[in-house]
Amino acid sequence: MKRATAVVLSGVFIALVVGSWAVPLSGAAHLPARVGYQSGQDSTLRNRQLPATVWFRESRARGLLTDVWINGHGPYLFAVDTGAGITVLSQQLVGASRLGIVKGRTTVVAGLSGREVVAGETVVARMALGNVSNMMPSRVRALVVSQMPEGIDGILDPTDAFAPFGYTIDFPNRHIRAFDPRVEGLSTRRQPADGAVVPWLRMGQSDRPFVKLGDGRLALIDSGSGFGLAVSDPRAVVLDHARRSSTDIGGGMIRSTRVEPTTVSIGALELRGVPTDILSGVEKGAPIILGRDALYPFRISFDPSRRLIEIAPSVHDNR
């Protein structure tokens, strides 16, 4: 029998699951090697078609939403979550799209609170985003869970979905654009005006996108979270007592309190007046989160080949 893998989910479900950062906690992780991240990238990319631009709509409670087709079935409604680390599907979707569950492969999934549930595993051979003909370039491994936010069929990890290509999430213009890193790859020698190109850092075995803040702390870029800068620090000065509560994927209760805005820096970029949230009820070791309230003015590009992230001001798109 296969040993279970423990995965923590922490960013996307503001209503049900406070995000979805995914990192193995124990056991042997069966996270697949991502195609194109190694020396054979050029040959891998050569035979892949670049996906078309994917448009999304935004919901305060449910995040960045887009239509997804699974093996020709759909459309299903997915939340796009850079903090997920892996794509997550509902059991209802798996049944409706006739996906098979991998026998003997289970994953222990926990929310920010640390409470755990057991998830199955599946592999999506064909995934399309935005419209049924906009196929993603690779097979996608996914977890299968019984609990999902109301009205959501799945959580999409764009790093997995667009691999081996890079991608840009333009928050104000509400679209995701794939790019070929051989042609449009990022470079620390080409810094954008009023922005920054910084290393894409890891925490543990996951490929979730972390960046280093000016004070040395690591922060997770998490499009699935409605927070600003989210930390668990009881010493913060609280301006009001308005709190939000949410239940994570394991059933644990997470509370957030909006406090005095913060100034943080990422490379050469200084962010002033960043909305800041203090989290309680989270497990020890939960990451600092940069959620949508902090990321909204920007377009953020992720280059998995060079392990770089660009944060730059968005330019208004008239289309």
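Two strands pair if DSSP finds at least two bridges between them. Helices (H or I, at least four residues) and strands (E, at least two) are DSSP runs, numbered from the N terminus. This is a predicted model: local features need pLDDT of at least 70, side-chain atom pairs count only at pLDDT 80 or more, and totals for chains, interfaces and linings use all residues. Residues are numbered from 1 along each chain as its sequence is written, and side-chain values use heavy atoms, with hydrogens and water left out.

**View 1. Strand β4 and its partners.**
Strand β4 covers residues 63-70. It pairs with β9 (residues 127-129) through three bridges, and the two run antiparallel. Within that pair, Ile-70 has Met-127 as its bridge partner. Strand β3 (residues 57-59) also pairs with β4 in the antiparallel sense, over three bridges. Here Arg-57 stands opposite Leu-65. A hairpin of three residues joins β3 to β4. How many residues of β4 are buried? Seven of the eight are. Buried means under 20% relative accessible area, exposed means over 50%, and partly exposed lies in between (1.4 Å probe, protein chains only).

**View 2. The hairpin of β4 and β5.**
Strand β5 takes in residues 73-80 and pairs with β4 in the antiparallel sense over six bridges. Asp-67 has Leu-77 in β5 as its bridge partner. Two residues sit between the strands of this hairpin. Asn-71 is found in that loop. Its phi is positive, about 50°, although Asn-71 is not a glycine.

**View 3. Two cis peptide bonds.**
Pro-75 lies in strand β5. Now turn to Ala-163 and Pro-164, which are also joined by a cis peptide bond, with omega about 10°. Where does Pro-164 lie? Pro-164 is in the loop between α3 (158-162) and β12 (166-170).

**View 4. Asp-194 in its loop.**
Asp-194 is placed in the loop between α4 (181-184) and β14 (196-199). Its phi is positive, about 60°, although Asp-194 is not a glycine. Is Asp-194 buried or exposed? Asp-194 counts as exposed because its relative accessibility is 65%.

**View 5. The largest nonpolar core.**
A nonpolar core is a set of buried Ala, Val, Leu, Ile, Met, Phe, Trp, Tyr and Cys residues joined through side-chain atoms within 4.5 Å. The largest one here has 52 residues. Residues with the most contacts inside it include Ile-70, Met-127, Phe-162 and Ile-309. Strand β20 (residues 269-280) gives the largest share of this core, four residues. Apart from it lies another core, of 13 residues, among them Leu-77, Val-88, Met-148 and Ile-152.

**View 6. Around Ile-309.**
Contact means heavy atoms within 4.5 Å. Neighbours within four places in sequence are left aside here. Among the residues in contact with Ile-309 are Leu-186, Trp-200, Pro-209, Phe-210, Ile-221 and Ile-300.

**View 7. The whole chain.**
The chain has five helices and 23 strands. Of its 319 residues, 56% are buried. Among contacts with a separation of 6 or more, 66% link residues 24 or more positions apart. The chain exposes about 13,700 Å², and carbon and sulfur atoms supply 49% of it. Accessible areas come from the Shrake-Rupley method with a 1.4 Å probe; for residues, only the protein chains shown count as cover.
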